[in-house]
Amino acid sequence: MLRSFNRAAFGMPKALLLLLMATPAVAQVGAISVEVIDAVTRRPVDGVTVTAESRDGDVSSATTDKGLALLDGLEDGFFELRAEAAGYVTAVEPAVRVLEGRTGSLRFELQQVPASIDSIVVVGRAREADPFGAVSNRFLGRYDLRNAPGSGSDVMRALSGLPGVVSNGEFASFSTRGHGPKRNLIYVDGFPFQQVAHFEQTLGDEIEVLNGGRYSVFAPNAITGAEFSPGGWSAEFGGRNASLLQLEVVDGAPSPVASLRLDLAGAEVLYEGPSGFHDDTSMFLQARRFDFGQFFETIDEESLGAPVSTDVILKTRTYLDNDNEFEFLAIYAPEEYTRDINHILAAAEDEGIEDVTLQNDEQDLALIGGTWRRKFGDDGEWTNRIYFRDSDRVSSQGEAFPDLVPPGTPADQVPVRERLLTVKEKESEIGWRSDISFGNALGILRAGLQLANSDLDYSTELREDWIRYIFESDDPRPPGANFIVLQPDAINSIYSASETNYAVYGEQLFDWGAASLRAGVRYDHNGFGDEDLVSPRLGFNYVVSPRLGLSATAGIFYQSPSNLARAADPDNFDLESEELTHFGLGFDYRLSDTLNLLVEAYYQDIDNQLVESGRTSGLISNDGEGTNTGVDLVLTRRFDQGWSADFVYSWNRFRVDDNDGRGEYDWDFNREHFVSVGGRWEINDRWQVGARWKYGSGLPTYRYIVHEDVLAPNPPERFSQERFDLNSVRGDAFHSLDVRVDYRRRIGAVDLVLFADVLNVYGGPAGLQPEFNILTGEIVDEEEETLPLLGLIIEYAW
């Protein structure tokens, strides 16, 4: 199945590498266009001194006019950019790359200095996360994302190392503070967009279904910023309860740049710069296609199947006048995956058959949205977003019987049962978001309305009885049988509905100098569950000194059942939302000018937790409850003198009770301990190296019994696995080392970038649940492999 996507190794001719290393370098010049705004009022800040200092000590400066400054005549290389203005926290971006013939762009969002704090010793980054949120909130810029070790060409993998985030590199997903990957709330340019990963399986291997897709729709170079909160966020956002991730798509550049990325799986083309059809409109366009089926044939891994995906992203940004701007975003991301009898027989020729599953998945995914921002008064802003989102997915699963025929039998003569189980998921949504903020006597008032009409058409169809060989002890099964039987009467379900969901929120931001308070409330009406939900939210921050800041957050968060969960059984149509009550307390302490320590503890109480009744039906209830406690520690050495580093430790204890008589147990994604150590070294203008080592303690798992020849006296021979004592023991820990090397060289009119991103350098264990082979009764561990991802990018600017 898709579990072995990461076996892919992308190659590059050695001669090209030698050419890159041998080509002489010539010092050339470029420029940086700098925009400076107030982080709270979003207004341009004039009179800001912007200074660019090269690694050689050369200094250039400019002063903002209408919030803009241009630094030109800069030699190719890295610069530290600094923005200083009276009354504002000095902001520094430590490693800004200047490239020949290009005008890059950078935005500073300056925070005002509290009256009681000495502004001279306060230093921040060019852009920070929500200043009224928890100290654990983080913002990652484009440069951080595309140079993260282990990211390959996937922005989701670049998030490893954030507070509370656990990712083992096997999937383009992450769990936060013990919650599963599908509990993260994701927005793209302010539009709700949960399906950010390709090949999120509905059917198939259990590990695949639980952990999400293999790589995301967004390459790191397509995202200009990612803002992350592991808990306690604003009343503006609702619908999930684990974490909030806001992705911002690149909106163009002052000068045009085109690039081509090549590897053995496919190609990617990109353009960013002026639109060419309107003087005040910039544009970003990216298109890529990966054919992993063809690639797997090349590396003799045909048994993995044939996944194919396409991503097209278009964004424009138009300045209508000084107070109005409009953005347009379009995303189209179709995919298909096939694993037929030919792929299964290919496995027999190589390492032997471990999986006899036939699978066919197809999905069309699209988002179209427009955003209008209007500034009014001295500090007001009104933002309206209208969008249309559509997803159409069909998944089917069957079974092959290659062991019933002699080896070498042609594929068309091997017995198969195709498309036994088919799940159709069609949904479309048209929505409107309207958000407004303006100053008042108390501080700043924010409020908004969110309206969405969704049409759902889901169905689950089992064509005929189907024996399954993995089951739990309390699953209903035939008398005396050591297997379960899925039956159409218990599985088949049709869910077709059209409902309107809406939400309103309001929050007041109180600014008392060194202290600030955000008090808000959110009201949601869930049309599908006929629920009316109220979510109070609080966030308190206090700057004790220039080096020490405290934060406290509290609130109620709701997670609506997935559409797939509602559709699994008619009795699920009225499922209620899960409720999470969150409390967090943390501090951020600057140990030195370059060293920072963050510690945040949290407690969460969960009610109405979804509980599945078993494998022979799709019935789900709201009978569960639980508690989640933990602490995150992050020690960061900010970028200086060419290098940066960080150390992350997370402890988590997540316990749930299904109220079915079995008592409490550890939640599926609870890793008690997680450690991540990373760093990046920019050796010179051409070479940079990064690495990240990760360790996570084992996931909770079950005990089991293996039953032999469960179909006897009838063929074929099959083994079954009976599971009991849910999550009573721990599986193996995972640990891995990812190393990334980037090399950039200019040859004539183009820049060549060669990168090698080696995942799991020493072949450490993946820490995933072992799989069960129904043909042999063996427990199959996930393979521990080193995965070199090599790529070449050709860039041209004019």
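Colleague: Is D392 buried or partly exposed?

Modeller: Keep in mind that the model is predicted. D392 counts as partly exposed, because its relative accessibility is 30%.

Colleague: And which side chain does D392 meet in a salt bridge?

Modeller: That of K426, at 3.9 Å from N to O. The pair links distant parts of the chain, with K426 in strand β26 (residues 416–440) and D392 in strand β25, 34 residues apart. K426 is also partly exposed, because its relative accessibility is 36%.

Colleague: How many salt bridges does the count come to?

Modeller: The count comes to 56. One of them joins R177 and E600, with the closest N and O atoms 2.7 Å apart. R177 sits in the loop between β11 (175–176) and β12 (184–188), E600 is in strand β36, and 423 residues separate them.

Colleague: Are R177 and E600 buried or exposed?

Modeller: Buried means under 20% relative accessible area. R177 has 3%, so R177 is buried. E600 has 2%, so E600 is buried as well.

Colleague: Which residues are linked in a network of salt bridges?

Modeller: D189, D251, K315, R317, E325, E327 and R373.

Colleague: Changing topic. Which residues form the nonpolar patch on the surface?

Modeller: L320, F326, W372, F376 and W382, with about 440 Å² of accessible area together. W382 is placed in strand β25 (residues 380–400). W382 is partly exposed, at a relative accessible area of 33%.

Colleague: And the negative surface patch, what forms that?

Modeller: E53, D56, D58, E75 and D685. D685 is found in the loop between β40 (673–682) and β41 (687–696), and counts as partly exposed at 30% relative accessibility.

Colleague: Last one. What does the side chain of N596 make a polar contact with?

Modeller: The side chain of D588, at 2.6 Å. N596 is in strand β36 (residues 595–612) and counts as buried, because its relative accessibility is 16%.

Technical notes:
Residues are numbered from 1 along each chain as its sequence is written. This is a predicted model: local features need pLDDT of at least 70, side-chain atom pairs count only at pLDDT 80 or more; totals for chains, interfaces and linings use all residues. Side-chain values use heavy atoms; hydrogens and water are left out. Patches are made of residues with over 30% relative accessible area and no salt bridge: like charges are joined within 9 Å, nonpolar side chains (Val, Leu, Ile, Met, Phe, Trp, Tyr) within 5 Å. Accessible areas come from the Shrake-Rupley method with a 1.4 Å probe; for residues, only the protein chains shown count as cover. A salt bridge is a side-chain nitrogen of Lys or Arg within 4 Å of a carboxyl oxygen of Asp or Glu. Lys and Arg count as positive and Asp and Glu as negative; His and the chain ends are not counted. The place of a charge is taken as NZ of Lys, CZ of Arg, CG of Asp or CD of Glu. Helices (H or I, at least four residues) and strands (E, at least two) are DSSP runs, numbered from the N terminus. Buried means under 20% relative accessible area, exposed over 50%, partly exposed in between (1.4 Å probe, protein chains only). A polar contact is a pair of N or O atoms within 3.5 Å; within protein, one must be able to donate a hydrogen and the other to accept it, and residues adjacent in sequence count only if both atoms are side-chain atoms.
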